[in-house]
Amino acid sequence: MNTEVRPRNGKLTDYNVPFIEQRADPYIYKHSDGKYYFTASVPEYDRIILRCADSLKGLKDAPEKEIWHKHESGDMSCHIWAPEIHFLFGKWYLYFAGSRAEDIWRLRPYVLMCQGMNPMEDDWVECGQMQCAEDDIYSFRAFSLDGTVFENHGEWYYVWAEKVSVGIQISNLYIAKMESATKLKTAQVLLTTPDYDWERVDIWVNEGPAVIKNEGRIYLTYSASATGECYCMGMLSIGEDEDILDPRAWKKEKHPMLTSDREKGFYGPGHNSFTEDEAGNPVCVFHARTYAEITGNPLYDPNRHCMLMEVKWDKSGAPVFDYENMICDKGI
C-alpha cells in the first residue's frame, strides 16, 4: 500500500495541509458532553476505527482504536466504507457500508450498536443490514451505501445512495423516515439524481449526503461524479417546516459548491460531514487529495486525506464553502 503523503505533481500550500492523513469519507461527531469522535474509511477497507478527544484539534493525534473488523467471507467481508457514528434513540450507533469478498460490488448498509455509553471502551455488536419499511419493495435491493441520519421536529430521517437501472447504473440519493435506529418507517423517496454535467463525469453519481441547519433551513450536501479530480460537492435545501419527504419541496443548486482547485492544490474534494468547533462555529469535514494524477483505480489510491474548512453563511443564510476558510495546523 502506497503511504506517500507529499504530492507527486504539485505542492503543499497554505491551504491543503491534511488534518488527518489517509482517512477518506471522514466523519466527526461532537457529543453533548463536548467530546469529539472521529471515524473514516481506511485505505485497506477492512475495519472500522474510532478516535476520541476533548477538542477538535485533539483528534489529529488522538489514539486510534479498531472497534470492528470485517468478516472473512459473506456479508461485511469486503469494501468497508464510509462509517458514521451517531447518538440517537438513547444509544450509540455506527452506520457503514460493506460488500462480500465473493461479490465485491454487492454493497449494502449495515449498523453497529454500542452496548454501553462509552463508544471507545464498551463493546460494539452487529445489528445486521439496515431494514426498510414493510411496504418498501425497492430499498437496499441493489448497490447501497453512504447512509446518514438527521433529526427534524422530533422525527429522524435516513438518507442514502443507491444505484438503479440496468447497464451503466446511476447512483441516486433517497430519503425515508426512521422507525428506529435500524429500521425505516416509510418507503423510499427519490431525493436527487445526477441531473447536471458536473454530476456525470466518468460515472453518474449522487452520494455521500451530509446535513447542516441554519436559520430554519436544512442544507444537505452530497458528492458527485467519479472519485478522482472531478469529484465535487453539490447541495440541496428545504425549510424545516416543509414536508421533508416531498422531493418537490427541496431546492437543488445548479452548480457545485466545492470543486478541485489546482492553484491551492486540492483535488477531488467530497464526501463531507459537518461538526462544530469549541466555540460553536460550523466546520465542514471532507476528504481531498493533494495531487491529480492517479495510477489505477482512484478508489484504491490511499491518499484521500481528511481536511477541515470553516463554514461561512451568505446573506440568505446558506452555507459557503471557500478554500480561504481552510483550517490547518496554524488555525485550529
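**View 1. Glu310 and Lys312 pair up through their side chains.** In this predicted model, a salt bridge links the side chains of Glu310 and Lys312, with N and O 3.3 Å apart. Glu310 counts as partly exposed, at 24% relative accessibility. Lys312 is partly exposed too, with a relative accessible area of 37%. If you like to tally such pairs, the count of salt bridges comes to 19.

**View 2. Arg51 and Glu64 meet across two strands.** Here the side chains of Glu64 and Arg51 form a salt bridge, 2.8 Å from N to O. Glu64 belongs to strand 4 (residues 64-69) and Arg51 to strand 3 (residues 47-53), so the pair ties together parts that are 13 residues apart in sequence. Is Arg51 buried or exposed? Arg51 is buried, because its relative accessible area is 10%, under the 20% limit. Glu64, at 30%, is partly exposed. Take in Arg23 as well: Arg23, Arg51 and Glu64 are linked in a network of salt bridges.

**View 3. Glu324 reaches Lys264.** The closest N and O atoms of this salt bridge, between Glu324 and Lys264, are 3.2 Å apart. Glu324 sits in the segment after strand 21 (319-320), while Lys264 is in the loop between strand 16 (251-252) and strand 17 (267-276), so parts 60 residues apart in sequence are tied together by the pair. Glu324 counts as partly exposed at 46% relative accessibility, whereas Lys264 counts as buried at 11%.

**View 4. Asn206 is a buried residue with polar partners.** Asn206 is placed in strand 13 (residues 206-214), and its relative accessibility of 0% makes it count as buried. Which side chains make polar contacts with the side chain of Asn206? One is that of Thr192, at 2.9 Å, and another is that of Glu199, at 3.0 Å. Setting aside residues up to four places away in sequence, Asn206 also touches others, among them Ser171, Asn172, Tyr222, Ser223 and Lys252.

View 5. With 16% relative accessibility, Asn214 counts as buried. Beyond residues up to four places away in sequence, Asn214 touches Tyr219, Trp313 and Gly317.

**View 6. Leu191 and Ile244 belong to the largest nonpolar core.** This core has 28 residues, and the members that touch the most others are Trp81, Phe150, Ile175, Leu191, Leu220, Ile244 and Trp250. Several strands each supply at least two residues of the core, including strand 5 (78-88), strand 9 (144-152) and strand 12 (189-192). Strand 14 gives the largest share, four residues. Leu191 lies in strand 12 and is buried, with a relative accessible area of 8%. Leu191 and Leu173 are 18 residues apart in sequence, with their C-alpha atoms 5.4 Å apart in space. Ile244, with neighbours within four places left aside, is in contact with residues that include Phe150, Tyr157, Ile175, Ile238 and Trp250.

**View 7. A nonpolar patch lies on the surface.** Ile104, Trp105 and Tyr300 make up this patch, and together they have about 280 Å² of accessible area. Where is Tyr300 found? Tyr300 is in the loop between strand 18 (282-289) and strand 19 (305-310). At 38% relative accessibility, Tyr300 counts as partly exposed.

Technical notes:
Residues numbered from 1 in each chain as written. Predicted model: local features only at pLDDT ≥ 70, side-chain atom pairs only at ≥ 80, totals over all residues. Heavy atoms only, no water. Patch = residues over 30% accessible without salt bridge, like charges linked within 9 Å, V, L, I, M, F, W, Y side chains within 5 Å. Areas by Shrake-Rupley, 256 points an atom, 1.4 Å probe, with all protein chains shown as cover. Salt bridge = Lys/Arg side-chain N within 4 Å of Asp/Glu carboxyl O. Buried < 20%, exposed > 50% of the residue type's maximum accessible area, 1.4 Å probe, protein only. Polar contact = N/O pair within 3.5 Å; in protein donor to acceptor, adjacent residues only side chain to side chain. Contact = heavy atoms within 4.5 Å. Core = buried A, V, L, I, M, F, W, Y, C linked by side-chain atoms within 4.5 Å.
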